[in-house]
Amino acid sequence: MADEARKKEIYEKLRTGVIQYDEDACREGAQEAVSEGLDANEAIFDGLVSGMEEVGRLFEAQEYFVPEILMCADALYAGLDILKPHCKQMDLGVKGSVVIGTVEGDVHDIGKNLVKMMFDVAGFTVYDLGRDVPLDKFVDEQLKTDSELVCLSAMMTTSMVGMPKVIEKIKAKNPNCMIMIGGAPTSKELADKWGADGYAEDASNALKEAIKMVAFLKKLRDEKIQKK
Amino acid sequence: MNSRERVLKLFKKEAIDRVPCFSGMGNITETGINKLGYRFAGIHLDAKQMAETAATTYKLFGYECGVVPVDLCVEAEAMGCIINVYPHAEGILYPTIKEKLIHGEDDMDISVPKDLATRGRIPLLKEAIRLLKADIGDNVAVGSYVLGPFTLAGQIMELNDLLKLSFKKADKVAKLLDVMADALVIVAKEYEKAGVDYITVREMGATSDVLSPRVFKNLILPPLQKVIRAISGFSVLHICGKTNDIVTAMMEAGPTAISVEQKNDVAESRKKLGSDALIFGNFDPYNVLVSGTEDLVRSTMRKCIDDGVSAVWPGCDIWPTVPPQNMTAMIDEVKTYGGKK
């Protein structure tokens, strides 16, 4: 087993690998973490995710733009693919499944894929419907998988307007399902108006919102169980 | 002074009585489509339906222009992509690209088809421009639009790959963008032959929310300049998102006017570019015009004028489900408030 200093060194390698979009460094760091018996979950969060948090900060500071983020995401996945099979039961206080996709009429999926990455990292089961997804498919998939969360993404204003229809249909069939909308043209006002439970303009907000929502859902269920 | 004279004089920087209220992007309304008894999915494929629908925004509301096409896939389709017009959709779905032309970094070495001017819907568009011009061309300026080279490239190949390659293999992307520019020049010239008064170049994908100002200047600007310089009539360069950092570069591309959306601080842009520059914008066509109240529409128009726009013009396509009373309020407010200024 590696000592504290070595552990730190490996996590730092993963972290900077993500920040400097260095896929090889992330792969190497992940392999070292595995072969030296480090906790895979810890390596993901203290290494890869910590790096992604810094990337988010660099994006906000306008030092990084979308091309850099995409490259950082590739680096994160390079490490994640190696670490994931070694993960024990995730202990995030949440465990859930999510249906995600870009709504019909929109073929842009960069934002959706970044959000998906955050769910992958957090150990969610992700049902990715892809892009240009017919609205009813979200409703069907939610029912089929009984996912607690549905995420709808749109980059174009022109496709965003399909969202309220999906929200209404899912809520009619399954009022407890949480719905999150995201993408450049969406706003908190629209989310409120359309009855969505969360809203995220970008990937880092989406993860925070998602975890908040699943935790809330668990609380609701726990309360129900207690009443029985 | 009628609307046509007002808009053309504005482009020539001659004195006008008030700011015009028009657009260079799609502005058809469901009210117009329903009045004609057409279906949204059908108007993209029929020159007569397209032209007639485009004319209704002027005829019903007094909007000061006529613009075709309605969708954003004309150039990519002519280049060889397959589009989906969602023929069976109940509501309004804009056409998208179903099948791309470039599937990976290795197929980026493409050239412009020799017969581009007669491919896809380019002839249909020319016919629609002629019909629109014959119908309302004496009263309003008739416009059309082409995409910018980067935005077109993002339709022809995976945007995800294009963005990463802009960073990793900038020379390869620059070469592709130059081919895109050549294609767009051909399309723009065809539209000019058909008689448009102005062409808007929509480089939506190159917003500064996505790319750094440095990448914009090095990679995006040169092919954009090539397209804009080839337009012999009036041109407008539109870019979405937070454009305050690139408005000077946008002007350097050489358009007659620039078009910015609601995320641009126009008062700030005006300070930067001076009183002579033509800046069109910049209200939110969905959250204000479609889902806002008449009061919000009116106050937003006043704010655009107070901030110093040269023409009140939407930040994107006008979404067809716009309530008719909001269209009326928009135009009325620009006429009355703009007239006092």
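# A walk through the two chains

Let us start with N282(B), a residue placed in strand 8 of chain B. Helices and strands here are DSSP runs numbered from the N terminus, with at least four residues of type H or I for a helix and at least two of type E for a strand. The model is predicted, so local features need pLDDT of at least 70 and side-chain atom pairs count only at pLDDT 80 or more, while totals for chains, interfaces and linings use all residues. Residues are numbered from 1 along each chain as its sequence is written, chains are lettered from A and ligands numbered from 1 in the order in which they are written, and side-chain values use heavy atoms, with hydrogens and water left out.

Back at N282(B), a cis peptide bond joins this residue to G281(B), with omega at about -15 degrees. Chain B also has a cis peptide bond between V68(B) and P69(B), where omega is about 0 degrees. P69(B) sits in the loop that runs between strand 1 (65-67) and helix 5 (74-79) of chain B.

Contact here means heavy atoms within 4.5 Å.

Now for two backbone details, one in each chain. Y86(B) has phi near 50 degrees, a positive value in a residue other than glycine. Y86(B) belongs to the loop between strand 2 (82-84) and strand 3 (96-99) of chain B, and counts as buried because its relative accessibility is 6%. In chain A, D132(A) has a positive phi too, near 55 degrees, and is likewise not a glycine; D132(A) lies in the loop between strand 2 (125-128) and helix 6 of chain A.

Chain A deserves a wider view. It has ten helices and five strands, and buried residues make up 53% of its 228 residues. Of the contacts in chain A with a separation of 6 or more, 73% are between residues 24 or more positions apart.

Sequence and space can tell separate stories. D107(B) and M157(B) are 50 residues apart in sequence, with 9.4 Å between their C-alpha atoms. D107(B) is in the loop between strand 3 and helix 6 (122-136) of chain B, and its 33% relative accessibility makes it partly exposed. P67(A) and N41(A), in turn, are 26 residues apart in sequence and 27 Å apart from C-alpha to C-alpha. P67(A) is part of helix 4 (residues 66-83) of chain A and is buried, with a relative accessible area of 2%. Leaving aside residues up to four places away in sequence, P67(A) touches L163(B), K164(B), F167(B), V210(B) and L211(B).

On a 1 Å grid over the protein atoms alone, a pocket is an open set of points with protein on both sides within 12 Å along at least five of seven lines, whereas in a cavity a 1.4 Å probe fits but cannot get out; lining residues have an atom within 4 Å of a point. Of the 21 lining residues, E104(A), L135(A), G162(A), K165(A) and G91(B) lie nearest the centre. Helix 6 (135-145), helix 7 (157-160) and helix 8 (163-173) of chain A each supply at least two lining residues, and the largest share, three residues, comes from helix 8 of chain A. The lining has nine nonpolar, six polar and six charged residues; Ala, Val, Leu, Ile, Met, Phe, Trp, Tyr, Cys and Pro count as nonpolar, Asp, Glu, Lys and Arg as charged, and the others, including Gly, as polar.

Finally, the cysteines. There are zero disulfides over all chains, a disulfide being a pair of cysteine sulfur atoms within 2.5 Å. For C177(A), the closest cysteine sulfur is in C151(A), 9.3 Å away and therefore too far for a bond. For C240(B), the closest cysteine sulfur belongs to C316(B), and at 5.7 Å is also too far for a bond.

Note on methods. Buried means under 20% relative accessible area, exposed over 50%, partly exposed in between (1.4 Å probe, protein chains only).
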